[in-house]
Amino acid sequence: MLSESSSKRHDVPTDGIPVVYGVDNRFALPLAASIESALDHLGPDERLDIHIVDGGLSERNRSRLQRSFTGRPCRLTFVSPGRGTVDSLKVGGAITVATYYRLLIPRILPDHANAIYLDADVIVQADLRALWDTPLDDYYLLAVQDQGVRVISGPFGLPNYKSLGVPEGTKYFNAGVLVLNLEKWRQEHVAETIVDYVSQHPQHIRFHDQDGLNAILWRHWRPLDPRWNQMAQILRLRTADESPFDPLTFEHVRGNPYIIHYSSADKPWRAGCRHPARGLFFRYVDRTAYRGFRPSRWRTRAGDSRDFVLRRLRRLFSVVRRGRG
Ligand SMILES: [Mn+2]
């Protein structure tokens, strides 16, 4: 039996498969590489309808992105995050406010039943149509089990898992690649619930909205084929036993990923990156308007200020809480 949401999903793509990214200005270049990689693997009759939640792209970066994909089978729409639903969400380190843009997607795409969300630090190596066609049924989202944290009750999981009623051994998912059931999110006010959780439990938050997503949706997501989100953490393991996967799956995820997620702090666009797929990243960069870019030490430091992030966050999310009804 086909559920309502999964049958509707196939009707949407007159504009293409909806894919949402959330970025600030520092992620313009990886975003270009990510889109290029997705188009490179898209089937001949497919299109991508790309929505970029724009948390401060410069005019120059917006036009470079447009220029990179003019005449390609995609449409780029820049969306302002507008006013959010919280007044204080925790950020820090290299994490930017853009991580929370995932939670705005149900509102940003009010007419869509479903959408794909991708972090800008991913390179796609398969046709996104296959991800799009994975049935959602009544789940709130599809995701891949995290290859670092692994379980909610484990180290770096949710320290308060017991009070949340989460059983030992419950999988923790990574939020870098998601298929979202937007209808259910809107019906059940999932974004608002997560925002409330994150703002009420700052002491338990280590991975930002991803912790909130896991705390609220631990019973309501379905695992994807883990090849859809190869995390940097799995590349450091020696055997399948150290991973969440059986030996065959372990080899598939490592050797034949559908999406490569530069999920550690070791990013190809920063100096000194040692990720084995850093070369692939620049192959895609060189097919966009950013061609020729290579990181230098000087560039890596620019704009990494936590104060900057906090300022943006406050501005973005402060007003709407009051306006919530
Ligand atoms: Mn990421």
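This is a predicted model: local features need pLDDT of at least 70, side-chain atom pairs count only at pLDDT 80 or more; totals for chains, interfaces and linings use all residues.

Visitor: What makes strand 9 and strand 10 a pair?

Guide: Two strands pair if DSSP finds at least two bridges between them. Two bridges join strand 9 to strand 10 (residues 259–261), and they run parallel, so the pair meets the cut-off. Strands here are DSSP runs of E, at least two residues, and helices are runs of H or I, at least four, both numbered from the N terminus.

Visitor: Why are strand 5 and strand 9 called edge strands?

Guide: Their open sheet has three strands in the order 5-10-9, with mixed pairing. Strand 5 (122–124) and strand 9 (230–231) each pair on one side only.

Visitor: And which strands stand at the edges of the seven-strand sheet?

Guide: That open sheet is mixed too, in the order 3-2-1-4-7-6-8. Strand 3 (74–79) and strand 8 (221–223) each have a single partner strand, so one side of each is left without a neighbour in the sheet. Further in, strand 1 (residues 17–23) and strand 4 (residues 114–118) pair in the parallel sense over two bridges, with Val20 opposite Tyr117.

Visitor: How do you know how helix 2 and helix 10 are oriented to each other?

Guide: The axes of helix 2 (residues 28–40) and helix 10 (residues 278–285) come within 8 Å and cross at roughly 85 degrees. Axes are lines fitted to C-alpha atoms, for helices over the stretch in contact, and angles run from 0 to 180 degrees between N-to-C directions. Angles of 65 to 115 count as roughly perpendicular, and the two helices are therefore roughly perpendicular to each other.

Visitor: What makes the buried residues of helix 3 a face?

Guide: In helix 3 (residues 59–69), Asn61, Leu65 and Ser68 are buried (20 or more other C-beta atoms, placed from the backbone, within 10 Å of a residue's own; 12 or fewer is exposed, in between is partly exposed). Seen down the axis, they fall within an arc of 65 degrees, so they line one face of the helix; the arc is that of the directions from the helix axis to the C-beta atoms. The face turned away carries exposed residues Glu59, Arg60, Ser63, Gln66 and Arg67.

Terms used. Residues are numbered from 1 along each chain as its sequence is written. Angles under 35 degrees count as roughly parallel, over 145 as roughly antiparallel, 65 to 115 as roughly perpendicular and the rest as oblique.
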